[in-house]
Amino acid sequence: MGKEFFVNKSLIWDYDFKERYDTLEFKKWYIARVLSCGRMEDVRKIGLKVIKDFFPQLNLPLRIKKFWEWYFDYAHID
């Protein structure tokens, strides 16, 4: 992720990350949280390419994972 990583703090109400948003582990967790609980605005701020790049590493509920698998199969995102 070359650009600054935007974090919607209302999506991390249940964790204390002490403003450490630059770790790979946090980014994977946060992207999964956005896909599970976030709004389209949150998805846009991360970017579909970043989400697609991280997607295989994300821990997602099955129905959400299936939706994004379907989406990435049909969308042209580079």
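This tour of a predicted model visits a helix, its neighbours, some charged pairs and a surface patch.

**Stop one: helix α1.** Select residues 24-37, which make up α1. The helix has 14 residues and spans 20 Å from its first C-alpha to its last, close to the 20 Å expected at 1.5 Å a residue. Now colour its buried positions: Phe26, Lys27, Tyr30, Ile31, Ala32, Arg33, Val34 and Leu35. What covers them? Show α2 (40-46), α3 (48-54) and α4, which are included in the cover over the buried residues of α1.

**Stop two: Arg33.** Stay in α1 and centre on Arg33. Is this arginine buried or exposed? Arg33 counts as buried because its relative accessibility is 12%, below the 20% cut-off. Follow its side chain to a polar atom that lies 2.7 Å from the backbone oxygen of Leu11. Leaving aside residues up to four places away in sequence, Arg33 touches Leu11, Ile12, Trp13, Asp14, Tyr15 and Gly38.

**Stop three: Asn8.** Next, pick Asn8 in the segment before α1. With a relative accessibility of 11%, Asn8 counts as buried. Its contacts, again without residues up to four places away in sequence, are Tyr30, Arg39 and Asp42.

**Stop four: the charged pairs.** Side chains of opposite charge can pair when their charged atoms come close. The whole structure holds 5 salt bridges. Select Glu41 to see two of its partners. Its side chain meets that of Arg39 in a salt bridge at 3.7 Å, N to O, and Glu41 also forms one with Lys45, where the closest N and O atoms are 3.3 Å apart. Glu41 and Lys45 sit 4 residues apart in helix α2, about one turn of the helix. Glu41 is partly exposed at 36% relative accessible area, Arg39 is partly exposed at 47%, and Lys45 is partly exposed at 35%.

Move to α4 and pick Lys66 with Glu69, 3 residues apart in that helix, about one turn. Their salt bridge has its closest N and O atoms 3.8 Å apart.

**Last stop: a surface patch.** Finally, switch to a surface view and select Phe67, Trp70 and Tyr74. They form a nonpolar patch on the surface, with about 390 Å² of accessible area together. Phe67 belongs to helix α4, residues 62-74, and counts as partly exposed at 40% relative accessibility.

Notes. Residues are numbered from 1 along each chain as its sequence is written. This is a predicted model: local features need pLDDT of at least 70, side-chain atom pairs count only at pLDDT 80 or more; totals for chains, interfaces and linings use all residues. Side-chain values use heavy atoms; hydrogens and water are left out. Patches are made of residues with over 30% relative accessible area and no salt bridge: like charges are joined within 9 Å, nonpolar side chains (Val, Leu, Ile, Met, Phe, Trp, Tyr) within 5 Å. Accessible areas come from the Shrake-Rupley method with a 1.4 Å probe; for residues, only the protein chains shown count as cover. A salt bridge is a side-chain nitrogen of Lys or Arg within 4 Å of a carboxyl oxygen of Asp or Glu. Helices (H or I, at least four residues) and strands (E, at least two) are DSSP runs, numbered from the N terminus. Buried means under 20% relative accessible area, exposed over 50%, partly exposed in between (1.4 Å probe, protein chains only). Contact means heavy atoms within 4.5 Å. A polar contact is a pair of N or O atoms within 3.5 Å; within protein, one must be able to donate a hydrogen and the other to accept it, and residues adjacent in sequence count only if both atoms are side-chain atoms. The expected span of a helix is 1.5 Å times one less than its number of residues.
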